[in-house]
Amino acid sequence: MASFSVGAGVTDTTAKSVGGNDTGSINATGTLSDTTDISWTGGTAGQDVVVDNYGLISATTRGIDTSGSFSTGSFTFNNHLGARLISS
């Protein structure tokens with residue numbers, strides 16, 4: 001698990017795994033594109049993963065999914081004006 005950032009004009013084709021207090025950001029002209037783009041692995045009480053999407057998240061299965069068995073932590077997804085999350 002690790003925080004991540006997809007920069008301006010970049011197409012990132014590597015799936016991301018987040019948990020704990022990780023953060024993620026997709027720039028307004030950035031693209032995150034994979035089978036399942038973001039997998040949340042949970043955390044402990046009081047921990048919050050925050051993902052800010054200003055660009056494009058494009059997945060062939062699920063844009064955001066969970067991984068593993070957990071019952072604590074939280075996940076906040078902000079899909080900002082003009083951003084898109086597409087899953088097919």
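Reader: Where does Gly-82 lie?

Author: Gly-82 sits in the loop between β8 (74–79) and β9 (84–87). Strands here are DSSP runs of E with at least two residues, while helices are runs of H or I with at least four, all numbered from the N terminus. This is a predicted model, in which local features need pLDDT of at least 70, side-chain atom pairs count only at pLDDT 80 or more, and totals for chains, interfaces and linings use all residues. Residues are numbered from 1 along each chain as its sequence is written, and side-chain values use heavy atoms, leaving out hydrogens and water.

Reader: Does Gly-82 count as buried or exposed?

Author: Buried means under 20% relative accessible area, exposed means over 50%, and partly exposed is in between (1.4 Å probe, protein chains only). Gly-82 has 65% relative accessibility, so it counts as exposed. Its C-alpha atom is separated by 7.4 Å from that of Gly-55, 27 residues apart along the chain.

Reader: And why does Asp-12 count as buried?

Author: Because its relative accessibility is 16%. Asp-12 belongs to strand β2 (residues 11–12). Its side chain makes a polar contact with the side chain of Lys-16 at 2.8 Å. A polar contact is a pair of N or O atoms within 3.5 Å; within protein, one must be able to donate a hydrogen and the other to accept it, and residues adjacent in sequence count only if both atoms are side-chain atoms.

Reader: Which residues make up the largest nonpolar core?

Author: A nonpolar core is a set of buried Ala, Val, Leu, Ile, Met, Phe, Trp, Tyr and Cys residues joined through side-chain atoms within 4.5 Å. The largest one here has 10 residues: Phe-4, Val-6, Val-18, Ile-26, Leu-32, Ile-38, Trp-40, Val-49, Val-51 and Ile-57. Two or more residues each come from β1 (4–6), β5 (31–40) and β6 (48–53), and β5 gives the most, with three.

Reader: How many bridges join β5 to β7?

Author: Two strands pair if DSSP finds at least two bridges between them. Eight bridges join β5 to strand β7 (residues 56–66), and the two run parallel. Within that pairing, Thr-36 stands opposite Arg-62 in β7. Strand β7 also pairs with β9 in the parallel sense, over four bridges, where Ser-58 has Ile-86 in β9 as its bridge partner.

Reader: How many helices and strands are there in the chain?

Author: The protein chain has zero helices and nine strands.
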